[in-house]
Amino acid sequence: MNNVRSILSAIAAISCLLVVAAIGAPPVRILPVGDSITYGSATPGGYRYPLYQMLTNGGYSVDYLGTQTGNSTNGMPDNQHEGYGGFRIDQINDRLPLMAKTFSNPDAVLLMIGVNDFGQQYDLPNATNRLDSLVYDMATNWPYAKIIVSTTTEMMGTTESNLMSIYNPYLPSLVSNHVAAGRQVYFTDMHASVPNSNTYDFVHPTAAGYFKSATNWFNAISNVLGPFGSTNAPMLLRVSCLSPTNISIVYTKPVDSNATNIANYTLGGAGVTAAVYERAPGAAAQPMGCGYRRRDPKESVLHAAVNES
């Protein structure tokens, strides 16, 4: 038992030489977040449908995430999203705890929000502060996700003039500040991609406008994620004590089967006597007498036995 305690108190000492397994493209999990434009108002599938096609044609295995499934269309088998008509930035942040609880480790978050803050004239001077807080909370909950922050599409009238005076131009520096703090946050300019002439009501894009939005998102995603996901090495996500002599080590992405080579591990001075890698998504495993079920098909679980002293 003493060894297990020392292991859990010295997780930083865990070292493992891992490479991503070349076993076919794993699902790239994308979480679309925003208002009615993310929902896709008036156009079946919104930008999510053409984006799904573009990514699939590019070799990606797309797995959209979200608690919402409204506004689907034929040809898009995965319609999950977090798009809410009329939502402001603060209302998205109110839903973040549920999102974080439901989706443990998305590959990419597509965030376009703010139009309704300006349309509703809701505390406009602090709109960028609310967005900054939302991005921080997302990066804290999902430190391995690529969070792509977009400007709004082009609006009309007072809403547009306010957006362009105190919101959209400040998003690049907002993103840069998060990058400087070591967070995986990226910027894309949707305002330049989707002009107001590609809307049907001066707010919501037409099918042509959503296609332009999808093209922008595709370029932003493909710049930071390939079909096999992030080029970052697998990271340690969590460690659990299964018994006095057994622990479970969870990584953020698939790893090669040589992860079971016990020579690759040091655990606070404890000797590693065996290792079992659970590869099959969702499979139940009972290594070394301890049961453990994977909950996330993108994660890799390795079970290690240690000497007890």
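Predicted model: local features only at pLDDT ≥ 70, side-chain atom pairs only at ≥ 80, totals over all residues.

User: How many residues of strand E4 (residues 108-112) are buried?

Analyst: Burial here means a relative accessible area under 20%. Five of the five residues of E4 are buried, so the strand is largely enclosed by the rest of the structure. Ala-108, Leu-110 and Met-112 lie on one side, Val-109 and Leu-111 on the other, and both faces are covered.

User: Which strands pair with E4?

Analyst: Strand E1 (residues 27-34) pairs with E4 in the parallel sense over five bridges, with Pro-32 opposite Leu-110. Strand E5 (residues 146-150) also runs parallel to E4, joined by four bridges; there Ile-147 is the bridge partner of Val-109.

User: Which residues of helix H6 are buried?

Analyst: An α-helix has 3.6 residues a turn, so residues three or four places apart point the same way. In H6, the buried residues include Ala-127, Arg-130, Leu-131, Leu-134, Val-135 and Met-138. The helix covers residues 127-141 and reaches 21 Å from its first C-alpha to its last, close to the 21 Å expected.

User: Is Asp-94 buried or exposed?

Analyst: Asp-94, in helix H4 (residues 89-102), is exposed, with a relative accessible area of 60%. Its C-alpha is separated by 9.4 Å from that of Leu-134, 40 residues apart along the chain.

User: What is the relative accessible area of Glu-82?

Analyst: Glu-82, in strand E3, has a value of 0% and is therefore buried. Among the residues that Glu-82 touches are Pro-32, Thr-38, Arg-95 and Phe-103.

How values were computed: Residues numbered from 1 in each chain as written. Heavy atoms only, no water. Helix = DSSP H or I, 4+ residues; strand = E, 2+ residues; numbered from the N terminus. Buried < 20%, exposed > 50% of the residue type's maximum accessible area, 1.4 Å probe, protein only. Contact = heavy atoms within 4.5 Å. Expected span 1.5 Å × (residues − 1). Pairing = 2+ DSSP bridges.
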